[in-house]
2 protein chains.
Amino acid sequence: MSETPFSAAETPLSIRAEALDAADELGKMRERFTLPDGLVYLDGNSLGALPAAVPAHVADVVSRQWGELLIRSWDESGWWTAPERIGDRIAPLVGAAPGRIVVGDSTSVNLFKALVAAARLAAGAGDGRGPGRDELLVDATTFPTDGYIAASAARMTGMKLIPVEPAAVPDALGPRTAAVLLNHVDYRSGRLHDLPGLTAAVQAAGALAVWDLCHSAGALPVGLNAHGVDLAVGCTYKYLNGGPGSPAYLYVAERHQAAFDSPLPGWNSHADPFAMTPDYTPAEGPVRGRVGTPDILSMLALEAALDAWEGVSVDAVRRKSLALTDFFLECVEAYVPAGRVESVTPADHAERGSQISLRTENAAAVMRELIARGVVGDFRAPDVLRFGFTPLYVGFADAERAARTLGHIYG
Amino acid sequence: MSETPFSAAETPLSIRAEALDAADELGKMRERFTLPDGLVYLDGNSLGALPAAVPAHVADVVSRQWGELLIRSWDESGWWTAPERIGDRIAPLVGAAPGRIVVGDSTSVNLFKALVAAARLAAGAGDGRGPGRDELLVDATTFPTDGYIAASAARMTGMKLIPVEPAAVPDALGPRTAAVLLNHVDYRSGRLHDLPGLTAAVQAAGALAVWDLCHSAGALPVGLNAHGVDLAVGCTYKYLNGGPGSPAYLYVAERHQAAFDSPLPGWNSHADPFAMTPDYTPAEGPVRGRVGTPDILSMLALEAALDAWEGVSVDAVRRKSLALTDFFLECVEAYVPAGRVESVTPADHAERGSQISLRTENAAAVMRELIARGVVGDFRAPDVLRFGFTPLYVGFADAERAARTLGHIYG
């Protein structure tokens with residue numbers, strides 16, 4: 001085996017990788033991204049790569065739309081309607097109908113909107129629910145911000161926060177459950193949770209299901225509408241490649257839109273914002289999820305980034321994602337000495353997102369060494385090497401090289 | 001007088017304008033901005049002009065920092081520390097010490113943080129305040145989002161919202177007042193409120209003063225520290241020229257930082273965010289005002305935009321602003337037939353921000369016509385023509401031409 005990780009070592013696996021890449025129906029999609037030569041980028045689940053269409057579009061937004069058209073761009077360049085227009089671009093990627101998603105603010109801020117609104121919906125009269133529902137269940141293994149924001153939402157709406165392992169949610173549900181916040185894919189382990197089954201269980205108990213899609217949107221089918229999800233949020237800078245800190249989104253099922261009661265009723269969510277009336281009258285539809293003036297540069301960078309999805313089927317993405325992670329695990333098995341790493345990502349496809357998390361000793365140092373050798377994943381405390389597989393721009397040769405480089409480090 | 005508004009008509013006022021521009025100590029600052037030829041842009045109080053340094057910087061952020069360095073840029077390009085670093089760039093413009101301002105989210109979101117935190121500070125023990133303080137006073141003439149968000153903050157903290165005209169605030173204060181939200185400059189009339197006097201009155205009543213600086217920061221001295229303001233928020237896309245929807249900021253006085261209790265405790269505000277612990281431990285200092293991942297493209301465009309302030313004194317900006325608005329009013333008086341417009345902006349310098357608002361019949365149509373003739377201000381319902389004067393790039397000839405064009409429309 002070659003000592004340098006940059007050479008195309010001839011191994012049975014590297015030959016297989018080449019064949020798999022040649023047959024890859026999404027192989028051409030990599031041309032839609034700008035990636036440094038020689039880099040294996042497996043951190044798209046933290047920050048997606050730069051779509052090739054973005055730089056020219058952002059330059060136009062800055063120099064022409066802002067610099068020349070100035071204030072006119074709110075109308076003429078479609079700035080004002082961007083949050084819903086881009087929401088409709090995300091909709092097919094998560095199985096939502098048009099008019100259900102609004103883009104803007106961070107994931108944390110959208111979680112706050114969603115959880116407070118869910119508590120109010122659960123306590124509201126008229127739909128069989130009632131004020132006795134005062135418990136908010138939250139994934140005990142969640143990405144931290146979800147738990148922190150859920151605690152604040154509970155505190156401010158008089159609910160009790162109950163952390164529960166996702167598998168234990170069905171048993172924790174009861175007549176006092178108002179809402180349940182779950183992650184579709186766990187950020188650390190890469191475990192895919194059962195969105196259809198858990199949503200059904202939550203709703204059977206009379207509560208609302210709120211899903212965080214940060215680690216699933218753009219990597220696998222979500223089916224928000226098909227599975228009757230109540231509310232959802234997600235970021236756009238991971239598998240949607242919107243850029244660093246690009247705005248998040250909020251999904252509100254149609255049946256909840258009319259009663260959606262935002263804790264952040266900024267002027268952009270008003271039915272007639274430019275009337276500038278002292279009284280607040282909320283807009284209908286997804287606009288109600290807005291708050292203040294949207295960050296247009298980040299928002300329109302995201303819009304151009306979504307062009308990379310033109311003609312791409314999420315089912316094809318899922319197929320390739322599973323094939324990539326399977327192949328990566330096979331390569332790890334072949335290249336890494338036994339007992340040095342252990343996958344904490346479920347082997348079962350039905351329980352796997354689009355990442356592989358390997359538990360190992362000295363994980364932080366191992367990841368630094370991998371990065372030094374041109375394989376970028378990330379480290380998650382205390383002992384996890386995390387490798388994200390973005391099917392639009394990661395290939396099988398990348399997976400093989402990543403595993404081979406890891407093997408060299410242990411070898 | 002010439003029939004075409006684009007010619008440099010020789011009138012006593014145009015000759016004066018030329019002399020004033022020639023003597024203008026800030027005249028050279030216009031070179032720091034990109035403005036279309038022939039345009040008189042008096043809408044910088046809605047969307048500031050494009051600073052010349054921004055396009056190249058944004059291109060670098062997109063293509064190199066994101067596209068090449070990818071995830072490494074959170075450290076290597078200073079993305080992670082941008083909210084406080086840029087806060088410290090804004091600080092001298094509003095009279096704040098370093099370490100008091102954090103940039104991120106929209107003004108509306110920051111208002112929510114500030115008002116909920118103010119309510120909690122007012123109700124908190126240990127500083128002579130107490131739970132009997134349950135009234136939130138808010139400027140009855142405020143920009144709408146402030147009132148809407150204040151209503152939500154009051155609802156969620158058990159406070160009573162009381163709208164009060166700013167001048168009536170001293171009489172409305174009492175032992176139940178928790179906090180008062182005021183606008184430094186009224187968005188519609190351009191009236192500058194007495195920040196030092198009102199802050200002192202609010203604090204003498206044992207309440208907290210929360211100021212909205214959207215229409216004053218970058219246009220006149222604010223003196224947050226000198227006047228002992230408790231909390232403040234502001235946007236950055238008006239006189240700070242950060243670009244459409246660029247992130248807002250939150251100021252927390254040093255004495256309140258340790259007890260600042262955010263309703264949006266996202267993971268970015270954690271003392272050790274990458275430990276990703278289930279328990280929330282807030283960071284010290286301005287970091288505590290963060291929520292989720294900041295929108296880096298908009299944030300770093302703002303950072304480059306702030307380069308336009310290099311070597312500029314806010315006192316000089318204020319001097320020019322008053323001279324410009326005085327001169328504009330003089331030109332309006334000279335060019336516009338008597339009785340057609342009436343200034344609703346105070347004549348007294350001590351009560352004037354950096355805009356002139358003229359009440360007129362058919363204001364929307366008049367503004368459309370002005371814009372068609374190359375003079376861009378804006379219309380505010382029901383009857384106001386609003387002209388913002390940004391001293392860094394607006395000159396006296398602009399003021400003269402704007403008034404002359406207005407005169408032509410009525411002439």
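## A residue pair in the sheet

In this predicted model, Phe379(B) lies opposite Leu385(B), a residue of β15(B). The strands β14(B) and β15 (residues 384-388) of chain B run antiparallel and are joined by three bridges.

## The sheet as a whole

Both strands belong to an open, four-stranded sheet of chain B with the order β11-β12-β15-β14 and antiparallel pairing. Its edges are formed by β11 (341-343) and β14 (378-380) of chain B, each of which pairs on one side only. On average, and with direction ignored, neighbouring strands of this sheet are turned by 35° against each other.

## The contact between chains A and B

Chain B contributes 64 residues to the contact and chain A contributes 65 residues. On the side of chain B that touches chain A, at least two residues each come from α2 (54-66), α5 (107-123), α6 (144-157) and α10 (296-305) of chain B. The helix that gives the most to this side is α6(B), with eight residues.

Sorted by class, the side of chain B that touches chain A holds 39 nonpolar, 20 polar and five charged residues.

## Symmetry

Chain B is superposed on chain A by a rotation of 180° with 0.0 Å of shift along the axis, at an RMSD of 0.0 Å. The two copies are therefore related as by a two-fold rotation axis. Both copies use the same surface, and 100% of the contact residues of chain B recur in chain A.

Key: Residues numbered from 1 in each chain as written. Chains lettered and ligands numbered in written order. Predicted model: local features only at pLDDT ≥ 70, side-chain atom pairs only at ≥ 80, totals over all residues. Pairing = 2+ DSSP bridges. Axes fitted to C-alpha atoms, helices over the stretch in contact; angles between N-to-C directions. Contact = placed C-beta atoms within 7 Å. Nonpolar A, V, L, I, M, F, W, Y, C, P; charged D, E, K, R; others polar. Least-squares fit on C-alpha atoms with pLDDT ≥ 70 in both.
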